There are 2 protein chains.
Amino acid sequence: MNKGCLIVVSGPSGTGKGTVCAALLARYPQIAYSVSATTRPPRPGEKEGVNYYFLDKPVFEKMIADGELLEWAEVFGNYYGTPFRKIQDRLAAGQDILLEIDTQGAMSVKKRFPNGIFIFLLPPSLAELERRIRGRGQDDEESIRRRLAASAGEIAVAKEYRYVVVNEEVDRSVETIWSILTAEHCRVSRNAALIETIGQLP
Amino acid sequence: MNKGCLIVVSGPSGTGKGTVCAALLARYPQIAYSVSATTRPPRPGEKEGVNYYFLDKPVFEKMIADGELLEWAEVFGNYYGTPFRKIQDRLAAGQDILLEIDTQGAMSVKKRFPNGIFIFLLPPSLAELERRIRGRGQDDEESIRRRLAASAGEIAVAKEYRYVVVNEEVDRSVETIWSILTAEHCRVSRNAALIETIGQLP
């Protein structure tokens with residue numbers, strides 16, 4: 001059996017990666033979502049254990065100390081991290097797993113899973129990104145400027161990923177990510193045993 | 001503008017690569033087909049300039065001498081080759097181009113186009129391949145044995161490709177190859193200029 005693929009999706013704040021990832025999981029339920037842990041407060045509508053595990057700082061810090069996180073980072077004063085346990089087992093069982101994490105986290109994951117499918121979701125432009133962040137109406141002016149500058153910095157990290165997808169339209173981005181996953185499952189490097197089996201003379 | 005991709009599809013005789021490639025081009029006419037040249041006689045239904053350029057040996061040998069072929073090979077006593085001219089220009093103009101060639105030819109192309117999308121089409125098994133070749137009813141017993149042995153040898157070359165697609169069903173293989181092309185267009189290595197542009201602060 002083919003091993004599962006670890007799909008890592010990052011993108012600047014406001015690019016719509018949450019929406020795209022949710023639509024991907026809804027459309028392709030065979031992909032499992034790795035729920036991240038965070039110490040930031042839930043946004044309206046976010047659910048414990050679905051969007052994030054919302055943890056207190058001391059609990060999060062104990063998980064760091066106990067080595068229970070694949071990666072973790074502090075962003076805008078809050079911790080974000082990926083619980084490591086189940087991921088390895090699920091991949092070995094052939095399950096594809098989606099991680100939606102920031103660029104710092106993705107670069108940590110890349111060290112442990114160099115064959116992961118690293119996808120950077122791009123906004124059509126930073127001007128469009130600014131429009132989207134303002135449209136969300138959750139951020140003050142200073143925070144918006146800070147986020148845009150941070151986004152420019154993050155986009156520079158896109159070249160460390162394997163793929164970029166410009167998020168013009170959610171459904172199209174979902175299908176593109178699915179195509180990337182389909183292609184990755186066909187990579188020769190993931191199919192040595194299959195090639196061997198098929199090449200046996202009858 | 002994104003440069004076009006060179007898609008190279010190979011597979012053992014009888015795997016159905018001709019059928020799959022024809023269906024791919026019919027469904028996605030934005031992909032151009034690079035018509036190969038050959039000295040073998042046309043099979044029933046094959047058309048000059050569509051399936052192949054059917055050439056006499058002296059003409060083919062002059063093309064070899066004049067360096068007009070990207071690759072060429074002699075297989076079962078006949079020449080097969082890929083006219084080089086238009087390919088480079090079309091790729092630069094953003095056109096995706098499909099080459100359907102044998103493993104020898106593909107390995108020559110790989111030297112000139114290391115970033116080509118090399119796809120090896122596999123039969124579900126060699127027993128299934130034998131059944132398909134017999135079903136076609138065009139080959140005598142000795143030829144079938146020779147082809148099966150050659151197929152086993154070719155499948156061993158599959159590991160030099162980037163992707164393998166098991167041709168269980170033509171439409172599914174077409175969609176898988178389209179997914180591979182979609183994914184390849186998203187590779188970071190093909191999108192450096194785009195990342196640069198999108199990362200500009202407004």
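# Helix packing and chain pairing in a predicted two-chain model

Student: At what angle do helix α1 (residues 17-27) of chain A and α7(A) pack, with their axes 9 Å apart?

Tutor: This is a predicted model, in which local features need pLDDT of at least 70 and side-chain atom pairs count only at pLDDT 80 or more, whereas totals for chains, interfaces and linings use all residues. Residues are numbered from 1 along each chain as its sequence is written, and chains are lettered from A and ligands numbered from 1 in the order written. Both helices are DSSP runs (H or I, at least four residues; strands are E, at least two), numbered from the N terminus. With axes as lines fitted to C-alpha atoms over the stretch in contact, and angles from 0 to 180 degrees between N-to-C directions, α1(A) and α7(A) pack at about 60 degrees.

Student: Is the crossing of α1(A) and α7(A) right-handed or left-handed?

Tutor: From α1(A), the residues T19(A), V20(A), A23(A), L24(A) and R27(A) meet V170(A), S173(A), V174(A) and I177(A) of α7(A), contact being C-beta atoms, placed from the backbone, within 7 Å. By class this contact has 6 nonpolar, 2 polar and 1 charged residues (nonpolar: Ala, Val, Leu, Ile, Met, Phe, Trp, Tyr, Cys and Pro; charged: Asp, Glu, Lys and Arg; polar: the others, Gly among them). A crossing is right-handed if the near helix is turned clockwise from the far one by less than a right angle, left-handed if anticlockwise. For α1(A) and α7(A), the crossing is right-handed.

Student: Is K17(A) buried or exposed?

Tutor: Leaving aside neighbours within four places in sequence, K17(A) is in contact with V9(A), G11(A), E100(A) and L121(A). The classes rest on counts of other C-beta atoms, placed from the backbone, within 10 Å (buried at 20 or more, exposed at 12 or fewer, partly exposed in between). K17(A) has 22 such atoms and is therefore buried.

Student: Why are the buried residues of α4(A) on the same side, and what arc do they cover?

Tutor: In helix α4 (residues 103-112) of chain A, the buried residues are T103(A), G105(A), A106(A) and V109(A). The arc is taken from the directions from the helix axis to the C-beta atoms. These residues lie on the same side of α4(A) because the arc they cover around the axis is only 150 degrees.

Student: Which helix is included in what covers the buried residues of α4(A)?

Tutor: The cover includes the strands β1 (6-10), β5 (69-75), β6 (78-83), β7 (96-100) and β8 (117-122) of chain A. It also includes the helix α6 (141-157) of chain A.

Student: At roughly what angle do the axes of α5(B) and α6(B) cross?

Tutor: Helix α5 (residues 126-136) and helix α6 (residues 141-157) of chain B have axes that come within 11 Å, and their crossing is right-handed. L126(B), L129(B), E130(B), I133(B) and R134(B) of α5(B) make the contact with I144(B), R147(B), L148(B), S151(B) and A152(B) of α6(B). By class, that contact has 6 nonpolar, 1 polar and 3 charged residues. The axes cross at roughly 145 degrees.

Student: Which element gives the most to the side of chain A that touches chain B?

Tutor: The contact takes 34 residues from chain A and 33 residues from chain B. On chain A, α5 (126-136), α6, β9 (163-166), α7 (170-185) and α8 (192-198) each supply at least two residues. The side of chain A divides into 23 nonpolar, 7 polar and 4 charged residues. With 5 residues, the most is given by α7(A).

Student: What is the phi of F76(A), a residue other than glycine?

Tutor: F76(A) sits in the loop between β5 and β6 of chain A. With 11 other C-beta atoms within 10 Å, F76(A) is exposed. Its phi is positive, near 50 degrees.

Notes: Two residues are in contact if their C-beta atoms, placed from the backbone, lie within 7 Å.
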